[in-house]
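This report describes the organisation of a multi-chain model, from contacts between chains to the packing inside one of them. The structure is shown first.

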Amino acid sequence: MRKKTLTVLSGLMCLVLVATLLGACTSTAEEPGTKAPLKIGMSTPSTGVAAEKGAPMGHANVDCIKYVNEELGGVDGHEVEALWLDNGYDASKAVTIVNRFVDEDCLLFTVASSGMMTAMMGIANENELSGFAAFSSPNLTQPPQHIYGQTPDYGDDWAAFAKYYLDNIWKGTGKPKMALHLLDNSTGAGARMAAEAGAEDMGIELRDEWIFEHPATTSSETTSLTTLPDDIDVLYISSTPAPTAIVIKSAVELGMYPGMTIACGHAGFTSALVELAGADIVEGVYGVYPTVGWDDDVPAMAKMTEYCQKYHPDDYGNMDYIISWAQSLITAEILRLAVENAGADNLTPQVVEAQGLKKLKNFDVGGLHGPVSYTPGDNRLSKSVRVFRIDDGVLEPITGWVESPFISYE
Amino acid sequence: MAELLQFTITGLTVGMVYALIALGFVLVWKSSGVANLALGQLVLLSSWFTYGMLAQAGLPIWAGFIVVIIFAVLLGWLIERFILRPLIAQPILSLITITLGLAYFIEGLVVFIWPASVAALPRLFPVEPLHIGVAVVSQQYLWAAIISLALFGLLSLFFRYNRMGIAMRATADDQRAVQACGIPVTRIFSRSWMFACVLAAVGGVLMSSIGGITFGLVGTGLKAFSVVILGGLDSFLGAMIAGPIIGLAENLGEGYLTPLTWPGVREVIPFIIIIIVMFVKPYGLFGEERIERI
Amino acid sequence: MDLPAGTRNYTYAQDMAIFRTKTHWTLLIGLLVVLCTAPLWWGNWLSVANLIGITIIAATGLNILTGYCGQLSIGHAGFMAVGAYTSAILTERLGLPFPVGLISAGVAAGLVGMIFGMPSLRVKGFYLAIATIAAQFIIIWVIKHWTDVTGGHMGMSVSAPALGGFVLKSNASQFYLIGGIAVLSIFFAKNLARTRVGRAFVAIRDNDLAAEVMGINLFRYKLIAFFIGCFFAGIAGSLFAHWARFISDEFFPLTDSILYIGMIIIGGLGTTTGPIFGAIFIGLIKHSLTHYLVPTLESSAIALPAGFASGLAPMVFGLIIILFLILEPRGLAHRWQLFKAAYRLWPFSY
């Protein structure tokens, strides 16, 4: 038994060591080109609890960089060398990753989730390495430092919907009464910050006792919804699909919906919501989303579909793939602007930020989402969303690009 | 007043579902003295397997259920045979840790086989809620409560009158004596794990039909711990009573305390209850006092 | 400890020495030299090394609590969080110097640990484990909701540690700080085992009723164990906060607590080198999966099923914990002892 134990254990340890060494030995193949490659860092939660969103986003990042290098000839002839690492939605791993980005002289970096960017923020800001996150949140962009948000954050979602609601749905006089149901993390907190700062000015009545929080594991929200007055006009839910489904189901059970208006932030407004709750329950629910859908007729759709079908056909139809493809397109554009304005030999992270990122002006990202610009004092790169409504189980867009107003938090 | 009724009813029904999952835990503890910390993950695995059978393989509901039960039995047998049997005489730390390792492993396995992070089961119960006075309760919860009660009844009878059940209780009390009597202890462990997995599967199916299949099922497993601590680790009756108590405490706390304190206070109530119980009555309401002798 | 054949002790000092023979001293000095020059040739792995150093400190604390004293605690990440936030609040909000923050972090975590360790006086084994899980949740919940002080979900940014006039920004400089504290804590743990307190711990672990009969005050010593174990966790948490420059409640999940227990078991419970082995082993696997294996897998030509890479890491960890417990429950430290014994007796080892 002792020999067997020894052999098994030494075998296991050898396996681990070999895997580590193998990985360390495979270095990125350097193509013999005439121009120096431009190095960037990318990190997505491709394993771990967020893998369902993170894996397609990682695939899209890698596919798009491949597209940029193969078909567009890189950025002005320079190959884009992308260091892509998986953060497993683990904050300490994220810190080691951003350390590596800094050590390996990446010019900028991109991240998929606001949570991971929050973890990487401290070191990135300290080293003046700029980066942007596909899903943003106010703590990243305010006060504005070197971290930017690619798409409008959860607070912007609320602001955009609130504006749309007041303009198009609210038919009464006076102030509509709004309730919030929030996930107990930054997804919910983002909407809460915007609502608490902006409701008064926009003309919406929002009381503290109408703001609820729920955990991701909630199984029933009848308790919280019962405490709402009967004449509540609109309920805004900023959460992920499963708890959103529960909240809406509870509202239907209590007879509150249909009756009031329900709207969801983009984190929860996906086809999974319809699946989890059932199409009849979520009929007529509104939502906002920052990108187009897969079959929309926009310039970048063709190439994105082609690369997706070629390399990662399982990801076709996944909305997060679109955001990350757009993210890498924006990265390429930033590098292009930097090379154009400063010359390829003078590139450092600070130069790329000042001459590339900050010079973004109405870049259309192939129509995949709202135009991307940098305005001083506002680290959100794209500020528009579209408002959708669920009809017969399908998420139908009912507006064009709606810009969400800038709300400042002290 | 109407609110109080609503809170109470929601609390009671939600609590019954917790109690169902807690029953599985008590079962394993009662028969083998092992704390099954992989409870939440077993619930998750069974739910996903149900989804796999019903939605992906497209089996009709009754056939799917039978397959799920068989799967749960198999799973229990596998776990006991390969993971727990080698550790039969080890100290409790190793046993607890190995269930933790198992929990990790199952989480990875679930992501491995079903990469989607959420899925919905086809509807098992009608959606129309029942009205009790001015409060509403969804039929899913009611059915879950009824099934829990039925299972509780079955288990109690089994442990009291069935030979295998009595053998299980004896094993929990004193393994050596049972071995001396000629009862195969390993077979008893096997059976108890199989039952526990079946209970977890049933609990999982009920919970996922309510809220869909997400990683949150693991969190519900943790709440089941608070149920067993309050009720007593080795008492079925304790689990059935403590479940609704915890559910009530959560919902009443949420309804009445939230305006006074912070939103989200519902989350921490089961854990505060655990700490209080530890100080006041460590063995729970119905648990058996352990008297240690040197 | 095992000494090579032929070493005889003639004085008490020799008998008590940790590093007894010339070989021991040579190896120790060699190791210290290697560690001191590490920043020169470790490059990118320095940040991983810092993280592993921090986990070694926390694991040592947990080993004292669980390995020496037998009090199962699955809430270690929560106590680290207490330390991290205490240090962050004292240095950021109140502007106190870093060393003050560091020590206060340890003390604060120790005190919180003592409070949540009080159930250990009435329960043990699994009940205590559940109480510590509850402690973990309550601590994280308080951190999330006490937004005025802790910043809630938004977290807090933390500045780099500053000792005297030096600000330790780079990973290399922090390596010395973390390495130094790690060495100190290991030394402390080793010596603790040999003192009266340490022996009381071991007695409590082996049979607490007998220990009480012998005159060991269970109340006092169990609380001391919790204090010391959580003191280390607090120190580790404080170093972590200043290393990562940012903390939020998401940095200290329950899975980390479980991983710490796994670490000390894989390393070897109740030994001094156990936590070191365990932390290094698990840390290396975690980070090689992140930095090397996953990108290699994802970009390989073979079309892997979608969930392959995602599910691989937890499966591997779980499997390793299970296999170690079945095959080698005394951990890597035990294997190391056997190895040493084998080469000393070679060619007569069996």
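Two residues are in contact if their C-beta atoms, placed from the backbone, lie within 7 Å. The model examined here is predicted.

## The largest nonpolar core

The largest nonpolar core holds 335 residues, and the members that touch the most others are A:M120, A:F161, B:L20, B:A22 and B:L23. Domain 1 (33-152 + 295-379) and domain 2 (156-289 + 387-403) of chain A both contribute residues to this core, so it lies between them. In soluble globular proteins, nonpolar side chains tend to be buried together.

The surroundings of B:L23 can be listed individually. With neighbours within four places in sequence left aside, B:L23 is in contact with B:L151, B:F152, B:L155, B:L199, B:F236 and B:A239.

## Chain A as a whole

Chain A contains 13 helices and 13 strands. Its radius of gyration is 23 Å, close to the 22 Å that the globule rule gives for 410 residues, so chain A is as compact as a globular protein of that length. The C-alpha trace of chain A spans about 70 × 70 × 40 Å along its principal axes.

Of the 410 residues of chain A, 58% count as buried. Among contacts in chain A with a separation of 6 or more, 69% join residues 24 or more positions apart.

## Domains of chain A

The domain assignment divides chain A into domain 1 (33-152 + 295-379) and domain 2 (156-289 + 387-403). The centres of these two domains, taken over C-alpha atoms, are separated by 30 Å. Seven residues of domain 1 of chain A are in contact with eight residues of domain 2 of chain A. The side of domain 1 that touches domain 2 comprises three nonpolar, four polar and no charged residues.

## Helix α11 of chain A

In helix α11 (residues 301-311) of chain A, the buried residues are A:M304, A:Y307 and A:C308. These residues cover an arc of only 100° around the axis, which puts them on the same side of α11(A). On the other side of α11(A), the exposed residues are A:A302, A:Q309 and A:K310.

Definitions and conventions:
Residues numbered from 1 in each chain as written. Chains lettered and ligands numbered in written order. Predicted model: local features only at pLDDT ≥ 70, side-chain atom pairs only at ≥ 80, totals over all residues. Core = buried A, V, L, I, M, F, W, Y, C linked by C-beta atoms within 7 Å. Buried ≥ 20, exposed ≤ 12 C-beta atoms within 10 Å, placed from the backbone. Domains from an automatic or database assignment. Nonpolar A, V, L, I, M, F, W, Y, C, P; charged D, E, K, R; others polar. Helix = DSSP H or I, 4+ residues; strand = E, 2+ residues; numbered from the N terminus. Arc of directions from axis to C-beta. Rg over C-alpha atoms; globule rule 2.2 N^0.38 Å.
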